[in-house]
Amino acid sequence: TADVRVTRSRRTARRPAGARTHTRSWTVICLCVPWKQLTIFRAALCGQHAPSGINIGTSLLLSRVPRYTEKPCSLQAVHNHTFLYSDEVQIGPETVMTTLYTAKKYAVPALEAHCVEFLTKHLRADNAFMLLTQARLFDEPQLANLCLDIIDRNVADAINAEGFTDIDLDTLCAVLERDTLSIREIRLFAGVVRWAEAECQRQQLPVTPRNKQKVLGRAVGLVRFPLMTIEEFSAGQHEFN
């Protein structure tokens, strides 16, 4: 199997006299990978839109990315792309989601598995909602189910966590639909109201009962008001009336 071998270099472009002075660096992204094993690279190099005149088996310049002050490209999340040819990986809390995105984008299932394993080990009640949102976004059903299990058993702590009000509406509804939440409905409803208030602010709407009901949409119908006492139900109705 032929390997794609390239080098990495950086150079500074010269500008004409009198032009605005700033440094423009070119980062040459270089990969030494078994290209036939990576679907996205195989399609790019051998598909119908592959550039002509490339001799696979010699050095190949995959891309040049102009950089000013932007963040490094996503390929650098793969620990300087060494995982692609050495199976060495370093994942931390600040890089795991970027690395998971990269693994998904470039079809590297082994790296994806490392990311999911890392997230699973660090799953707690106070980050379960945040990780559930990411698991649904990246189509990771195993991680999503683990998050839901943690939320079922620790829902009071989970809805009081800082990241709860940042989840999306579909994730909120997915939790409200469950029959296994260990919490009184009035306390769950209080969390739903806090989410609605945060969503009103995100949408730059006045935090009024009508707008809270508007941003909740179908989530209102998922709150099980019959499980509340008459006093709790009466107090809850003030949030929407």
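In the predicted model, a side-chain oxygen of D168 comes to within 3.1 Å of the backbone nitrogen of D170 at the start of α8. Within α8, the buried residues are T171, L172, C173, V175 and L176. The buried residues of this helix pack against α5, α6, α9 and α10.

L172 also belongs to the largest nonpolar core, which comprises 49 residues; together with F129, I151 and L216, L172 touches the most other members of that core. Two or more residues each are supplied by α3 (96–105), α4 (109–121), α5 (128–137), α6 (141–153), α7 (155–159), α8 (169–176), α9 (185–202) and α10 (209–216). The greatest contribution comes from α9, which provides seven residues. For I151, when residues up to four places away in sequence are not counted, the contacts are A128, F129, L132, A158, V175 and L181. V175 is one of the buried residues of α8, and F129 is, like I151, among the core residues that touch the most other members.

Helix α4 contains L119. The relative accessible area of L119 is 4%, so this residue is classed as buried, the cut-off being under 20%. Apart from neighbours within four places in sequence, L119 is in contact with V96, M97, L100, L131 and L143. The C-alpha atoms of L119 and I91 are 9.9 Å apart, with a sequence separation of 28 residues.

E112 is likewise located in α4. Its relative accessible area is 17%, and E112 is therefore also buried under the 20% criterion. With neighbours within four places in sequence left aside, the contacts of E112 are L100, A103, K104 and E140.

Not counting residues up to four places away in sequence, K104 touches E112, F138, D139 and E140. A polar atom of the K104 side chain lies 2.9 Å from the backbone oxygen of F138. K104 and F138 are 34 residues apart along the chain, and their C-alpha atoms are separated by 7.8 Å.

Terms used. Residues numbered from 1 in each chain as written. Predicted model: local features only at pLDDT ≥ 70, side-chain atom pairs only at ≥ 80, totals over all residues. Heavy atoms only, no water. Core = buried A, V, L, I, M, F, W, Y, C linked by side-chain atoms within 4.5 Å. Buried < 20%, exposed > 50% of the residue type's maximum accessible area, 1.4 Å probe, protein only. Helix = DSSP H or I, 4+ residues; strand = E, 2+ residues; numbered from the N terminus. Contact = heavy atoms within 4.5 Å. Polar contact = N/O pair within 3.5 Å; in protein donor to acceptor, adjacent residues only side chain to side chain.
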